[in-house]
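Take a look at the model below. Keep it in view while you read.

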Amino acid sequence: MYAFIEGQVCEKSSGELVLLAGGVGYRLLCSMNTVQAAPAMGETMRCHTWLSVREDAMDLYGFATKEEKSMFMLLTSVSGVGPKMALALLGSMPLRDLNLAILLDDVTALSKAPGVGKKTAQRIALELKDKVSQGDVSAASAASVPVKGAASVKADNVTEAIEALQALGYSPAEARSAIGKLEDKNASADELLRLALRAMAGM
């Protein structure tokens with residue numbers, strides 16, 4: 001019903017934004033990443049939206065980027081994952097890291113989100129790993145608010161190592177599996193590549 005809403009930021013709270021557009025205040029349920037990406041009160045923001053209609057309620061969800069909305073729709077397509085859990089997952093890490101966690105079958109990272117148990121995390125990785133591509137990781141990185149620090153560096157190194165393995169002739173699935181099995185994913189891209197090649201050679 002609503003593709004997006006653009007208006008002045010009137011209220012900010014944990015998990016919610018209120019945008020004033022056309023004299024109407026729209027209450028949007030959002031991830032913490034979207035709330036943090038919102039500008040100062042009184043400034044204009046565009047939120048991509050999704051309307052949930054149930055017998056007992058109508059809830060409007062807002063997303064800072066199209067990529068975040070697309071991931072939300074993917075997450076809610078998984079059995080047992082509702083809108084609230086999807087928002088918790090989106091807010092638990094940068095979108096690029098969430099894409100990587102799914103690609104690498106990183107159940108530990110996925111289960112760190114509030115309310116997400118190990119079995120649910122395993123189901124998310126299983127059902128979505130073929131629906132998330134390396135291109136999605138790059139798109140999420142380009143669309144997201146810049147994040148500096150260890151999480152961003154880790155994502156860059158993992159992506160670079162996966163791409164290097166593919167350049168050496170390994171399939172995307174083989175490359176993701178090899179990197180995903182490494183215990184230390186905080187190493188440099190070169191070190192990740194070296195460790196992955198050693199593991200694949202059985203050394």
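This is a predicted model: local features need pLDDT of at least 70, side-chain atom pairs count only at pLDDT 80 or more; totals for chains, interfaces and linings use all residues.

Residues are numbered from 1 along each chain as its sequence is written, and side-chain values use heavy atoms, with hydrogens and water left out.

Start with the whole chain. Its secondary structure comes to ten helices and five strands. Helices (H or I, at least four residues) and strands (E, at least two) are DSSP runs, numbered from the N terminus. The protein chain has 203 residues, and 41% of them count as buried. Buried means under 20% relative accessible area, exposed means over 50%, and partly exposed is in between (1.4 Å probe, protein chains only). Now consider contacts, meaning heavy atoms within 4.5 Å. Among contacts between residues at least 6 apart in sequence, 54% join residues at least 24 apart.

Next, the helix pairs. Two packed helices are described by the angle between their axes and the distance between the axes. Axes are lines fitted to C-alpha atoms, for helices over the stretch in contact, and angles run from 0 to 180 degrees between N-to-C directions.

Find helix 2 (residues 66–76) and helix 3 (residues 83–92). Their axes come within 9 Å and cross at roughly 130°. The two helices are therefore oblique to each other. Angles under 35 degrees count as roughly parallel, over 145 as roughly antiparallel, 65 to 115 as roughly perpendicular and the rest as oblique. Helix 2 passes helix 3 in a right-handed crossing. A crossing is left-handed if the near helix is turned anticlockwise from the far one by less than a right angle, and right-handed if clockwise. On helix 2, the contact uses Glu-68, Met-71, Phe-72, Leu-75 and Thr-76. On helix 3, it uses Pro-83, Ala-86, Leu-87, Leu-89 and Leu-90. Eight of these contact residues are nonpolar, one is polar and one is charged. Here Ala, Val, Leu, Ile, Met, Phe, Trp, Tyr, Cys and Pro count as nonpolar, Asp, Glu, Lys and Arg as charged, and the others, Gly among them, as polar.

Zoom in on Thr-76, which is found in helix 2. Thr-76 counts as partly exposed, at 22% relative accessibility. Thr-76 and Ala-86 are ten residues apart in sequence and 6.3 Å apart in space, C-alpha to C-alpha.

Helix 2 also packs against helix 4 (residues 95–103), at an angle of about 35° and with the axes 11 Å apart. This crossing is left-handed. Helix 2 brings Glu-67, Glu-68, Met-71 and Leu-75 to the contact, and helix 4 brings Leu-95, Leu-98, Asn-99 and Ile-102. How much of helix 4 is buried? Nine of its nine residues are, so helix 4 is largely enclosed by the rest of the structure. Asp-105 follows helix 4, and its phi is positive, near 55°.

Compare helix 9 (residues 172–180), where Ala-175, Arg-176, Ala-178 and Ile-179 are buried. They cover an arc of only 165° around the axis, which puts them on the same side of helix 9. The arc is that of the directions from the helix axis to the C-beta atoms.

Finish with a strand. Thr-49 lies in strand 4 (residues 44–53). Thr-49 is buried, with a relative accessible area of 1%. Not counting residues up to four places away in sequence, Thr-49 touches several residues, among them Tyr-2, Leu-28, Phe-63 and Lys-69.
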